[in-house]
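Here are a few exercises to work through with the model open beside you. Try each task before you read its solution.

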Amino acid sequence: MAEVSARGPDLPPARPVRLRTDVSGLPRYVPGRAAPSDLVDKLSSNENPYPPLPSVVAAVRAELEHVNRYPDPASSELVAELSSALAVPREHLVPGTGSLGVTRDLLRAAAGDGDEVLFAWRSFEAYPLLVWGTGATPVRVPLRAERHDLEAMADAVTDRTRLILVCNPNNPTGTAVRRAELGRFLDRVPGHVLVVLDEAYREFVDDRDVPDGIALHRDRPNVAVLRTFSKAYGLARLRVGYAVAHPPVAAALRACAVPFGVSGLAQAAARASLNAGPELLERVRTLLSERARVTRALRAAALNIPDSQANFVWLRLGSHAPAFADACAAAGVMVRPFGDEGVRITIGTPEENDRLLRIVGDWRV
């Protein structure tokens with residue numbers, strides 16, 4: 001008996017599926033290396049090193065009894081509690097699948113073919129990928145001394161600019177823009193251009209001159225703010241964040257969001273985390289104390305570190321970055337190298353940080 005193709009005897013040969021030709025050249029998002037075992041310290045992904053609080057775990061367990069049902073698509077209870085906590089009208093709040101998911105939806109709402117999206121570089125490496133997905137053109141404005149060059153970013157605005165991303169504090173350098181310079185920048189940006197302040201690390205800011213984006217948003221209709229529960233609140237695996245934006249922007253954002261995107265588990269955990277604010281802030285204070293200790297030790301080892309306002313530090317190591325990351329990995333500590341630019345190190349527990357500092361003490365360029 002003759003073999004019959006799975007496509008049937010009368011169908012023409014299969015042709016390759018047609019995909020976008022520019023996909024193959026798209027830069028890939030590179031996550032922090034996964035720890036192969038519990039014996040490895042993972043300081044590569046800006047995660048909170050501490051497990052969820054018991055009250056948060058209890059809320060997630062209670063929600064497990066309802067996983068056969070779709071979650072509230074509007075995250076109504078979470079929105080109500082955020083509104084109270086932030087003193088922001090409910091119609092200004094839009095939850096989403098982490099600040100990353102909300103960024104994607106904002107870009108879809110604001111930009112498309114022929115448009116431009118501005119952001120600093122280096123900054124959060126997902127930005128170019130998300131902009132590409134909209135068909136818009138990413139415009140990278142180089143950092144200056146590891147910080148946003150807001151003057152250069154304002155100069156780069158054109159008639160095609162639809163959205164500007166300002167990561168504050170900046171990932172991966174940890175640097176933050178100050179109140180006066182951000183105010184001058186916002187004054188220069190045309191009112192029809194949406195400025196998105198990505199404040200994923202806001203809870204780690206202890207410099208009083210770093211502005212609160214939500215306060216800035218109140219008087220500026222073209223300013224939106226992103227926050228997340230992934231970092232300080234330790235809910236990275238549940239993927240929940242939110243935007244604060246004026247009603248026209250918030251409405252467009254809701255229209256572009258994936259229905260039922262924020263799971264019931266994530267909503268329950270986020271609400272419990274808000275209610276556990278004092279306990280979580282105590283953990284943040286511990287991480288800030290460790291950030292200061294690690295920074296002092298690295299500077300004592302003659303390493304170049306800018307002041308960080310996030311839960312990580314940045315080592316400008318240039319071409320030595322891969323070798324340093326390899327030395328850390330060989331000693332059981334995972335850090336995040338960025339090509340031949342530098343290395344980002346998440347602040348971990350005191351014990352994890354001690355092991356990192358021992359590696360630094362033994363490492364030589």
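Predicted model: local features only at pLDDT ≥ 70, side-chain atom pairs only at ≥ 80, totals over all residues.

**Exercise 1. The cores**

Which residues of the largest nonpolar core touch the most other members?

Residues are numbered from 1 along each chain as its sequence is written, and side-chain values use heavy atoms, with hydrogens and water left out.

Step 1. A nonpolar core is a set of buried Ala, Val, Leu, Ile, Met, Phe, Trp, Tyr and Cys residues joined through side-chain atoms within 4.5 Å. Buried means under 20% relative accessible area, exposed over 50%, and partly exposed in between (1.4 Å probe, protein chains only).

Step 2. The largest such core has 45 residues, and Ile164, Phe185 and Val195 touch the most other members. Helix H9 (residues 264–275) gives the most to this core, with 5 residues.

Step 3. Beyond its neighbours within four places in sequence, Phe185 is in contact (heavy atoms within 4.5 Å) with Leu150, Met153, Ala154, Ile164, Val166 and Val195.

Step 4. A second, separate core has 31 residues, including Leu288 and Phe324.

**Exercise 2. The sheet**

Work out the strand order and find the edges.

Step 1. Helices (H or I, at least four residues) and strands (E, at least two) are DSSP runs, numbered from the N terminus. Two strands pair if DSSP finds at least two bridges between them.

Step 2. The open sheet has 7 strands in the order E2-E8-E7-E6-E5-E3-E4, with mixed pairing. Its edge strands are E2 (93–96) and E4, each pairing on one side only.

**Exercise 3. A crossover**

How is the β-α-β unit of E3, H4 and E4 handed?

Step 1. A crossover is right-handed if, with the strands pointing away from the viewer, the path from the first strand over the helix to the second runs clockwise.

Step 2. E3, helix H4 (residues 126–134) and E4 form a right-handed unit.

**Exercise 4. A loop residue**

Is Asp219 buried or exposed?

Step 1. Locate Asp219 in the loop between helix H7 (213–217) and E7.

Step 2. Asp219 is exposed because its relative accessible area is 70%.
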